[in-house]
Amino acid sequence: MINEYIEKYAQIIVKIGLNVQKGQTVIIRTPIDCARFARCVAEYCYKQGAREVVMSWNDELTTKMKYLYADDAVFDEYPNWMKEFYNTYAYNGAAFLTIYASDPDIMKEVDPSRIVRQQKVSAKAIKDYQDRLMSNQNAWCIVSIPTESWAKKIFPNESSEKAIELLWENIYKAMRVDQKDPVLAWEKHLGNLKKSLDFLNQANFRLLKIKNSLGTDLTIELPENHVWLGGSEYTQDGIEFIANMPTEEVFTAPKKNGVNGIVYSSKPLSYNGKLIDKFSLTFKDGRIVDFSCEDGYETLKQLIDTDEGSHYLGEIALVPYDSPISKCNILFYNTLYDENASCHLAIGRAYPTCIKDGDKLDEEELERRGINNSINHEDFMFGTKDLEIIGVTFDNREVKVFENGNFAF
């Protein structure tokens, strides 16, 4: 079962996710635990016509050792060769694939301040690379495959072998790899997402009013000329790609200073190898002015206090409660999967592409138009079975968007 669909999965990533072009360089960022699969993807990149595939290996165990034992000054430094690696390949039009398969608990013993300091110097050093991906100047894609530590976190009562097999089965379903023609299945899925996008973009809501029984009571204003995105996107050169696989969401950017009320999390958030659970955020004029948290308080505080922009939101994403991933009834402890089972918000940076011609605007103009900036972009889930969302148009008409956790249109 584990081996049956691996090649199909790799093909979907290369052909649909990255949409590798003839003569293009591909960068694959992958844990060493995922080496076998990464090599399979690399082979298909070459078969698709890639000029070169460059592997960027990482090992979370040695990364953990670094955070526990390295000299303190290390966390305020960033190697120049890594800066040149990411920025130069991005400038030269490379496509970037990230295989995201972390142990959700790997960093629970680590001082979170060290992680935040490293994030800050990293964000400054490779800002050009990150800006290019956020504005779709390069094709990029994030996927996951099972690792033993991740699988055992989800299925703690199973043997390692059985846990990995179960996780593969659920990933194959979410990625539509188990269907007779996965490519056709993805084309149909993207068409369905487009119907939701068309409705939301034509509605041109001024704000959204969000409520559920957890206590969420939130109003989110949307910027003028905002754009709802989802499914596939396009680089500035017109190359279609899918940034997150799987994907069930449609999303846009909130107006930075236009969020008011309170939102409660509906699933745990795995952040920097630590879990944050059962938390709420209170907003006034867009800014987080208060928060509560039963598990992971200090980690949540570090996230919010990373920079000024991490006190604001950068994304509102809508996902039906009855999405295929949600129907798995599994907590994945992996944001890529959990966010596609639930409506979510993102703390931090907004995508410039979420307003018309935003990819052509500088940071100052984006800020003026209500688009938040931060080194963070961290999704957390708030969707529930009884979630209700009302959209209010610029002429004050109210339209039901979500009812009982699903789209109402």
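The crossing of H1 and H9 is right-handed, a label given when the near helix is turned clockwise from the far one by less than a right angle. This is a predicted model, where local features need pLDDT of at least 70, side-chain atom pairs count only at pLDDT 80 or more, and totals for chains, interfaces and linings use all residues. Residues are numbered from 1 along each chain as its sequence is written, and side-chain values use heavy atoms, leaving out hydrogens and water.

Back to the helices (DSSP runs of H or I, at least four residues; strands are E runs of at least two, and both are numbered from the N terminus). The axes of H1 (residues 6-18) and H9 (residues 182-203) come within 10 Å and cross at roughly 45 degrees. That makes the pair oblique, the class left over once under 35 (roughly parallel), over 145 (roughly antiparallel) and 65 to 115 degrees (roughly perpendicular) are taken out. Axes are lines fitted to C-alpha atoms, for helices over the stretch in contact, with angles from 0 to 180 degrees between N-to-C directions. Contact means heavy atoms within 4.5 Å; here Lys-8, Ile-12 and Ile-16 of H1 meet Pro-182, Val-183 and Trp-186 of H9.

Now the sheet: four strands, open, parallel, in the order E2-E1-E3-E4. Strands pair if DSSP finds at least two bridges between them, and E1 (residues 25-31) has seven to E2. Thr-25 stands opposite Glu-52 in E2. E2 (52-58) and E4 (140-143) are the edges, each with a single partner strand, so one side of each lacks a neighbour in the sheet.

| Helix | Strands touched | Angle |
|---|---|---|
| H1 | E1, E3, E4 | about 150 degrees to E4 |
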